[in-house]
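Q: Please take a close look at one strand hairpin and its surroundings in this model. Then set it beside other parts of the structure.

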Amino acid sequence: MIQMRTIVMKRRAVALLGVGVLALSACAGAGEGGAPSGGGASDGGSDAGGDTAPASDRTEVGALSPRIVLAHDGGITTLDSADGSTLSSEDVEGYVRLNPAGDGRHVAVSASDTITMYDTGLLAQGHGDHFHYYVQDPALTDLSLDAPMPGHVVPHGDRTALFADGSGEITVIDPSALGEGDLGVLEETSTADPHHGVAVPLSDGGLLTTQGTEEARSTVQVLDADGNVTAETDDCPGVHGEAAAQSTESGDVISLGCENGPVIYRDGEFHKVAIEGDYQRSGNQKGHEDSPIVLADHKVQADPAGGAEHPTEIALIDTRDDTMSTVDLGSPYWFRSLDRGPDGEALVLTADGELNILDPDTGEMLHEVPVTGEWTEPENWQEPGPMLDVADGTAFVVDPAAQTLTMVDVASGEIYRELDLPVVPHEIQVTTGTASGEYEVAPGADDGAGAGDAASDDAASDGGGEHEDHEDHEDHEGHEHEGHDHGSGDGEHEGHEH
């Protein structure tokens, strides 16, 4: 969705200071007890958080450090990106998946047939021409949704869609309500049959959703705000993986992966991307709201030897003219390897241990950064493997084998911090405190920031994907856990088809 806004300045803290903070000067006019003097942002209110804890449990600070949420065997651990200190550790039963909730503060935790909101404790509240910043202890909230076989969680615009594969139920929420202690349910609907599907909220109040069964799925529909079908395609076998790209004057642009080439929803209609051959699958996709190009995986083997394909080529899907180009990186990757940078850069973590940062328009390599040891894709998609998440202009790269996390400034390709991890994680989400990752100030206003202060200019990892994003795999029951797209929700976790 195109958002009209005026940004006076954007400074990337991590690039300039190497301290991993988001900052603009806070004003002196906080309310009593350190609470904000206003109930929400007066400019850019969608980024404002509310109260899930009493004001006395919060502390006002001059800047926010992104918080790193790690899912691992037994639960969730949250770290401060500034020094790697452990802020919280929660026990969670079952295999834990993480998705951005859509407000830049909460993370949707999927486990044991429920989706529960996890408050990372970062609050950025706008006061017209400046922000106040608050921190509190991270904690699981009581905001929970029954979701048999929880699937994709997709933030897009000012709404987030949660999909339950086991029932086909779709719940659309207003993530800005989470800070007020409310799940913010706006709509509850369902597909005709349960299946591993996805739903994407559209800016006009409509909803894009898949239709299918546990055996097959090839249909994508667009529903208006009244639930009427306004566009439909049946030419998307094995539909999986969605990403939002730069909007047109007519509205949202959504790319979806199929097994016969991608399909793009644009200008109220579906458009097929032509491919060479009969099979091409891009089940993991990452988009960026300011880029018409979608980054995706590129699989061309319908029946790969050994049961799994390990491609070295990635796809760059041009949503303007329904074309696709490929770039051979010379080393394989997997579903946790893809993300987008603050200016739309295409990021791919490859098995040779390098973080590849590309220009999505040309496919030109901008930076090749050694960040991990050499690795191979785990046989079981649920096992820990190298992964990344982008927030605050930084690529947070995890090497589970070494139990380390490396922070890379996306713009320069420079490593500026390395942390030892207290756990061996299998998923990561980084929060910044704002849905956009940017701080907006009124035209002509003095933000009061000195030379050392900085503001994030990157979108908090939402999965571009509109999730984030997972990969191709078959679970022990044969259900396709093709990961959920976080990424604008745009990245995709084929965590059910890895």
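A: In this predicted model, the hairpin of strand 12 and strand 13 has four residues between the strands. Within that hairpin, Gly168 takes a positive phi near 80 degrees. Strand 12 covers residues 159-164. Its pairing with strand 13 is antiparallel and runs over four bridges.

Ile173 has its bridge partner in strand 14, at Val185.

Strand 25 and strand 26 form a hairpin, with four residues between them. Asp322 sits in the turn and has a positive phi of about 60 degrees. Six bridges join strand 25 to strand 26, residues 323-328, and the two run antiparallel. Ala315 is partnered by Thr326 in strand 26. Strand 25 also pairs with strand 24, residues 291-297. That pairing is antiparallel and has five bridges. In it, Asp297 stands opposite Ile314 of strand 25. Strand 25 itself runs over residues 313-318. Five of its six residues are buried, leaving the strand mostly covered.

Four strands make an open sheet in the order 31-32-33-34, with antiparallel pairing. Its edges are strand 31 (387-391) and strand 34 (414-420), each pairing on one side only. From one strand to the next, the twist averages 20 degrees. Strand 31 is joined to strand 32, residues 394-399, by five bridges. Among the residues involved, Met387 has Val398 in strand 32 as its bridge partner.

Now the rings. A pair of aromatic rings is described by the distance of the centres and the angle of the planes. The whole structure holds five aromatic pairs. One of them joins Tyr265 and Phe270: the pair is tilted, with 5.3 Å centre to centre and 50 degrees between the planes. Both Tyr265 and Phe270 are buried. Another pair, Trp334 and Phe335, is edge-to-face. Its centres are 4.9 Å apart and its planes stand at 70 degrees. Trp334 has 2% relative accessibility, so it counts as buried. Phe335 has 4%, so it counts as buried too. Tyr95, Trp334, Phe335 and Trp381 form one aromatic cluster. Elsewhere, Arg58 lies over the face of Tyr134, 4.9 Å from the ring centre.

Confidence comes last. The chain has a mean pLDDT of 83, and 76% of its residues reach 70 or more. Over residues 1-20 the pLDDT stays under 50. The model gives that stretch 70 contacts beyond four places in sequence. Residues 439-498 are also below 50 in pLDDT. For this second stretch, the model has 359 contacts beyond near neighbours in sequence.

Definitions and conventions. Residues are numbered from 1 along each chain as its sequence is written. This is a predicted model: local features need pLDDT of at least 70, side-chain atom pairs count only at pLDDT 80 or more; totals for chains, interfaces and linings use all residues. Side-chain values use heavy atoms; hydrogens and water are left out. Two strands pair if DSSP finds at least two bridges between them. Axes are lines fitted to C-alpha atoms, for helices over the stretch in contact, and angles run from 0 to 180 degrees between N-to-C directions. Rings of Phe, Tyr and Trp (its six-membered ring) pair if their centres lie within 6.5 Å; planes under 30 degrees apart count as stacked, over 60 as edge-to-face and the rest as tilted. Buried means under 20% relative accessible area, exposed over 50%, partly exposed in between (1.4 Å probe, protein chains only). A charge sits over a ring if NZ of Lys or CZ of Arg is within 6 Å of the ring centre and within 35 degrees of the ring normal. pLDDT is the predictor's confidence in each residue, from 0 to 100. Contact means heavy atoms within 4.5 Å.
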